[in-house]
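Student: Could you take me inside this structure and give me a close look at one part, the packed interior and what surrounds it? I'd like one connected walk-through, please.

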Amino acid sequence: MRQANILTLDIENTAMVVETWSAYEADAVRILKPTIVLCVGAKWMGEKKPFVYAIDYRRKKLDDREVCKKIWKDMDEADAIITHNGDQHDLKILMARFFFHRLGRPSPFISIDTKKLAKKVGRFPTNKLKHIREFSGHTLKEDSGGYGTWERCLEWHGPSWKHLTEYCMNDVVATEETYLELRPYASPHYNLSAFLERDGCPACGSVQIQKRGHSYSKTGRRPKIQCLKCGSWSMGKHEKLVNVR
């Protein structure tokens, strides 16, 4: 029985370097250096440890082609990809770099953005990953160290590269954990039970499900189903009601 391949990822990238006439509401006159991917942290759901692809700082060459080729392969195998703000940042930057390196597009996948998921679940103080973690009683294990970390990385400082990759991998773990905590509160956004040979939970794929009442409409009803493993709710197949006169 095939299981869904769910990949969580996070990227760290350089800032774009531009020339501008003004620092206030600036428009770029000329782009000097585009955004480059320094490293990509990732983790397959069900595996214990994250992994990272990073530019080899020892070569002192700002070339992200190998990093992009490696994460492209993982993305191509993924059925769903989890990110935090990835729909606006991580995935868009990666797709632009894939285009730049002429790698083609990975096979279609479901994008699960925990920032968007948090907005659907409720009104958190902010939708930043750090604040959602703190709101749920957790803390991020690594601090980025501010923009100075990126500056030292661009000076090929080995310890700064090590710190950046560890920070990236910790963000990956935090993103996956945040998703798993938010999942029971959100409507199913994809159907993992499609990979099973029998009915199961759309959110986690578990077959430990229980029907609990019905939801009614003008044309019929649908059973309300709760997963006994992850707590998510879903709806069963539509049952037409027969009008009797």
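Tutor: Happy to. A nonpolar core here is a set of buried Ala, Val, Leu, Ile, Met, Phe, Trp, Tyr and Cys residues joined through side-chain atoms within 4.5 Å. Buried means under 20% relative accessible area, exposed means over 50%, and partly exposed lies in between (1.4 Å probe, protein chains only). Please keep in mind that this is a predicted model, in which local features need pLDDT of at least 70 and side-chain atom pairs count only at pLDDT 80 or more, while totals for chains, interfaces and linings use all residues. Residues are numbered from 1 along each chain as its sequence is written, and side-chain values use heavy atoms, with hydrogens and water left out.

With that settled, let's go in. The largest nonpolar core has 28 residues. Leu7, Leu9, Val40, Ile71, Met75, Ile81 and Leu94 are the members with the most contacts inside it. Two or more residues each come from β1 (6-13), β4 (37-44), α1 (65-77), α2 (90-100), α5 (147-153) and α6 (158-182). These names follow DSSP runs numbered from the N terminus: helices are H or I runs of at least four residues, strands are E runs of at least two. Among the contributors, β4 gives the most, with 6 residues.

Leaving out residues up to four places away in sequence, Leu7 touches Ala42, Lys43, Trp44, Phe51, Asp74, Met75, Ala78, Ala80, Ile81 and Ile82, where a contact means heavy atoms within 4.5 Å.

Five strands form an open sheet with mixed pairing, in the order β5-β4-β1-β6-β7; two strands pair if DSSP finds at least two bridges between them. The edge positions belong to β5 (51-54) and β7 (110-113), each with a single partner strand, so one side of each is left without a neighbour in the sheet. From one strand to the next, the twist averages 25°. The strands β4 and β5 run antiparallel and are joined by 4 bridges. To find your place along that pair, look for Gly41, which stands opposite Val52 in β5. Helix α1 packs on the sheet, where it touches β1, β4, β5 and β6 (80-83), and its direction makes about 30° with that of β4. For such angles, axes are lines fitted to C-alpha atoms, for helices over the stretch in contact, and the values run from 0 to 180 degrees between N-to-C directions.

Charged side chains deserve a stop too. A salt bridge is a side-chain nitrogen of Lys or Arg within 4 Å of a carboxyl oxygen of Asp or Glu, and a search of the whole structure finds 10 of them. Lys43, which we met as a contact of Leu7, has a salt bridge with Glu176 at 2.9 Å, N to O. Because Lys43 lies in strand β4 and Glu176 in helix α6, the pair ties together parts that are 133 residues apart in sequence. Lys43 counts as buried at 5% relative accessibility, and Glu176 also counts as buried, at 7%.

Glu66 is partly exposed, with a relative accessible area of 45%, and Lys69 is partly exposed with 37%. Elsewhere, salt bridges that share partners join Asp56, Arg58 and Arg59 into one network. Within that group, the side chains of Arg58 and Asp56 meet at 2.9 Å, N to O. Arg58 is exposed, at 65%, whereas Asp56 is partly exposed, at 27%.

Finally, step back to the whole chain. The protein chain has 6 helices and 11 strands, and 40% of its 245 residues count as buried. Along its principal axes, the C-alpha trace spans about 80 × 45 × 35 Å. Of the contacts with a separation of 6 or more, 56% come from residues 24 or more positions apart.
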